[in-house]
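Me: I am new to this structure and would like to go through it step by step. Could you guide me?
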Amino acid sequence: MASKKNYKAKKRLEYKAPDFTATNIELEFNLSDEYTQVKSVTRYQRLTSDRKAALRLDGQDLELVEVLLNGHPCDSMVEGDCLVIENVPDDFELTVETVIAPASNTSLMGLYKTDGVFCTQCEPEGFRRITYFLDRPDVLAKYKVTIVGPEYGCGVLLSNGNLVASGTKNGRNFCTWEDPFPKPSYLFALVAGSFDIIKDTYKTKSGRNVSLELYVDRGAYERGLWAMESIKQSMKWDESRFNLEYDLDNFKVVAVDFFNQGAMENKGLNIFNSIYVLVDPHTATDTNYFNVQSVIGHEYFHNYTGDRVTLRDWFQLSLKESLTVFRDQEFSSDVASRALTRLQSIDVIRGTQFAEDAGPMAHPVRPEKVMEMNNFYTVTIYDKGAEVIRMIHTILGEEAFIKAVNDYLTRYDGQAATIEDFIVSMEVSSKKDLAQFRLWYTQAGTPHVRASWEFDEQSSLFTLNLSQTLECGVPLKNASAMYIPIRMCFIDGKGNIQNSPELDESGILIFNQDEQSYTFTNLSADTLPVLFMDFSAPVKCFAPYTDDDYSLMLKNVADPFIKKDSATSLINNYVHGHIDKIASGGTLPDPVAIIDAIGFLLTDKSVDPLLVCELIKIPSVNELIETFKVVDLDSLIAIRDFIEKQVALSLADTFKTVYENNRLRGSYKYNIKDASKRALRNSALYMLALARKESEKVAEADALVLSHYEKANNFTDKLAAMTCAVHLELPCKGLILENFESEWQHDALVFDNFFRVQGSAPSEETVYTVRKLMRHKRFDKINPNRVRALIGSLAFNNPKALHKIDGTGYLLLSDVVQELDGINQHIAARLITPLLSFKRFDAKRQEMMREVLHKLISKDNISSSLYEKISAAIGS
Ligand code: TRP
Ligand code: ZN
């Protein structure tokens with residue numbers, strides 16, 4: 001076990017090509033809970049001209065049994081985590097036998113066994129927990145894998161590629177799989193267990209039949225059908241939009257209950273957290289359905305962007321993730337709703353990624369140094385990266401972009417590439433210069449764009465002045481101006497579009513200096529520039545708009561992002577303008593502009609009904625915190641509560657109408673139109689119940705919510721009612737929780753909602769509730785889904801409880817993190833995230849947060865994952 005004194009970050013620039021590569025590997029697993037034997041026979045070839053270079057293989061927590069070189073015993077030594085073999089020939093076969101204990105592996109990396117299922121997770125560095133190997137993404141080998149089942153038998157034995165043999169061996173079942181595509185070790189997968197299997201076929205556009213198999217928990221057949229549908233949609237979409245056809249004869253997806261993240265793109269054998277596979281009307285929400293489709297798409301799209309073309313090293317992670325997120329977002333846009341998908345993606349950037357940029361773990365899309373790679377599966381790498389790809393798409397245009405991606409995939413097929421390779425491909429293919437654009441990959445932080453404008457009556461010239469700075473939670477060395485595409489238009493004082501010859505048809509303005517002024521003709525004194533339509537760059541824009549300007553844009557500009565941003569800005573303005581009044585005990589004026597805006601969005605026929613549910617959302621406390629450098633949290637919560645209450649009371653009749661008019665008849669089906677009706681109706685339910693409660697009509701609120709719960713013919717509505725009852729502390733809360741508990745306690749995935757709803761209840765009492773629920777018989781600290789549902793809700797979705805002024809929220813979180821660190825360091829390191837941003841809070845809270853962080857980092861056995869994050873926050 002390494003000690004924290006030895007933890008050291010690796011640097012991107014220290015990359016060295018491997019001295020050896022592996023061309024073929026044959027693996028044989030003899031599965032057993034605590035004593036799984038792994039025999040690997042690998043062909044290695046020397047790449048370096050240094051004949052003295054030793055073969056150094058990565059390993060972790062392995063029991064080494066035997067090493068043979070070309071079939072003969074040889075000298076080898078274990079140095080730390082490495083197996084070192086000196087004096088090896090240029091081309092040889094190495095046999096390594098190790099023993100591992102999957103049933104005691106709680107890290108869920110490498111091979112682990114939970115609930116009767118053996119399963120692997122090798123990205124990023126889990127393969128070294130299986131056998132000694134060159135566990136790095138630039139070593140690509142062909143795999144042949146034999147799995148011998150455990151003594152008690154096993155339903156299926158799966159690995160990547162094609163089944164080439166099966167039968168019994170010493171009384172046990174075995175299967176042998178061969179994957180024709182060379183791949184890095186992180187894409188290796190093995191699954192063994194007993195499942196229900198959904199089978200289907202897909203005919204590719206060139207006419208090949210691909211057999212599709214989806215493996216789900218026994219008894220969950222029906223709950224896998226939507227995922228199977230989504231696989232076929234993904235295959236079809238990739239053919240039509242990117243001209244990419246599936247390349248193997250079979251495609252397998254397995255859903256497992258214990259998984260550190262969402263899902264994994266292992267070649268031909270994707271493994272999923274069952275939360276992203278299992279849905280049906282009675283157990284899953286519309287959001288679950290949407291996510292299943294999107295994550296199935298994401299992993300499938302990795303088959304090209306990630307698997308066929310992989311990564312040279314882990315600093316290039318965003319190369320595969322950003323492009324694949326962009327592709328899954330476009331998939332959701334095309335098959336579900338472009339506007340809704342876009343608004344959701346933008347929320348991730350503004351709600352979470354900007355916060356990451358402002359915190360101590362801020363890093364560029366292509367990081368420079370990494371201690372624990374698992375800490376870099378971040379919203380910066382994934383979602384900001386996807387925004388960067390989206391800007392390339394904006395700059396190149398659809399046709400040139402698709403061609404450039406195809407050229408890139410052709411050029412690097414079967415290879416391990418870098419981000420630089422990708423950008424060069426984009427440049428060569430499109431003949432565009434992306435030199436300055438590269439800064440999006442290398443500079444951390446969020447660009448802040450300041451805009452101002454004036455109209456000169458004399459010359460009739462309209463001038464737009466822009467300036468930019470880069471803001472970041474870690475010090476930046478000589479930051480330079482970014483290349484920022486601004487999609488924009490002009491409107492006049494009545495909200496009508498104005499055209500100016502200086503803004504071409506694309507509507508894109510390129511802003512790429514520290515300061516720049518642009519002049520436009522054909523405009524007027526009342527012209528308003530509308531900036532960053534469709535959120536054309538991941539920046540914060542500050543512009544001297546008045547509330548009237550926001551109202552004008554909200555009512556007249558069709559762009560969904562501008563509508564949403566205008567509504568949000570009205571709320572932000574109110575919060576920032578009045579928060580001091582709370583602290584000084586003053587009274588708040590009615591938020592009339594906000595009420596008017598939401599009233600308009602709810603009733604005006606010009607607003608796309610699909611979008612209303614998104615547009616009327618009042619930003620969460622966390623989103624509002626993000627707009628402050630240092631926040632007075634208590635006042636912020638009070639002012640947000642006030643806004644919500646006033647909106648509910650003033651628009652109660654409107655919400656009632658919306659509630660009644662959006663009732664859906666007939667049985668539940670998932671589609672984006674119905675889903676958004678339900679979402680709208682359920683927010684109306686919440687606001688209506690809040691209004692009744694606030695006007696001393698608790699009984700009415702209670703009856704409304706209880707009847708919504710009882711009449712619901714689908715899980716989305718049930719959960720919405722339960723959330724209202726719990727979050728508004730209505731009398732029916734106990735009844736509904738009891739009902740839910742007895743109905744769903746035998747289905748862990750569904751039951752997580754019981755934890756989620758209570759863990760996110762915006763009350764200080766929640767700290768006790770969560771402590772109590774941690775002793776619930778359905779809670780299991782080994783299972784990441786349980787931990788995320790209960791503890792994650794408190795940590796990420798409940799600032800009121802987490803930041804309770806007596807410090808008990810912090811203590812709870814740090815107790816859990818400390819215990820989990822010894823069980824699953826990756827989950828522990830995720831959970832600590834909200835405490836890293838202590839600088840945003842008042843002195844008392846800062847002090848308490850620092851104290852728990854210091855206590856955690858003082859432990860000798862702290863993991864590298866946790867150590868990296870805490871030391872970044874407090875310095876070490
Ligand atoms: N590559 C996976 C994806 O984007 C991410 C992933 C799944 C992962 N499981 C993991 C990353 C475990 C680290 C550890 O879909
Ligand atoms: Zn991915």
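Me: Is aspartate 815 buried, partly exposed or exposed?
Reply: Aspartate 815 counts as partly exposed, at 40% relative accessibility. Buried means under 20% relative accessible area, exposed means over 50%, and partly exposed lies in between (1.4 Å probe, protein chains only).

Me: Where do these values come from?
Reply: This is a predicted model, in which local features need pLDDT of at least 70, side-chain atom pairs count only at pLDDT 80 or more, and totals for chains, interfaces and linings use all residues. Residues are numbered from 1 along each chain as its sequence is written, chains are lettered from A and ligands numbered from 1 in the order in which they are written, and side-chain values use heavy atoms, with hydrogens and water left out.

Me: Which residue forms a salt bridge with aspartate 815?
Reply: The side chain of aspartate 815 meets that of arginine 771 in a salt bridge, at 3.0 Å from N to O. Aspartate 815 lies in helix α24 (residues 808-821) and arginine 771 in helix α21 (residues 766-773), so the pair ties together parts that are 44 residues apart in sequence. A salt bridge here is a side-chain nitrogen of Lys or Arg within 4 Å of a carboxyl oxygen of Asp or Glu. Helices (H or I, at least four residues) and strands (E, at least two) are DSSP runs, numbered from the N terminus.

Me: How many salt bridges are found in the whole structure?
Reply: The search finds 58 salt bridges. Arg241, Glu330, Asp334, Arg338, Arg390 and Glu398 are linked in a network of them.

Me: How do β3 and β9 pair?
Reply: Strands β3 and β9 (residues 91-100) pair in the antiparallel sense over 10 bridges; two strands pair if DSSP finds at least two bridges between them. The bridge partner of threonine 36 in β9 is isoleucine 100.

Me: And which strand does the hairpin join to β3?
Reply: The hairpin joins β2 to β3 through 5 residues. Strand β2 (residues 20-30) runs antiparallel to β3, with 10 bridges joining them, and phenylalanine 29 stands opposite valine 38 in β3.
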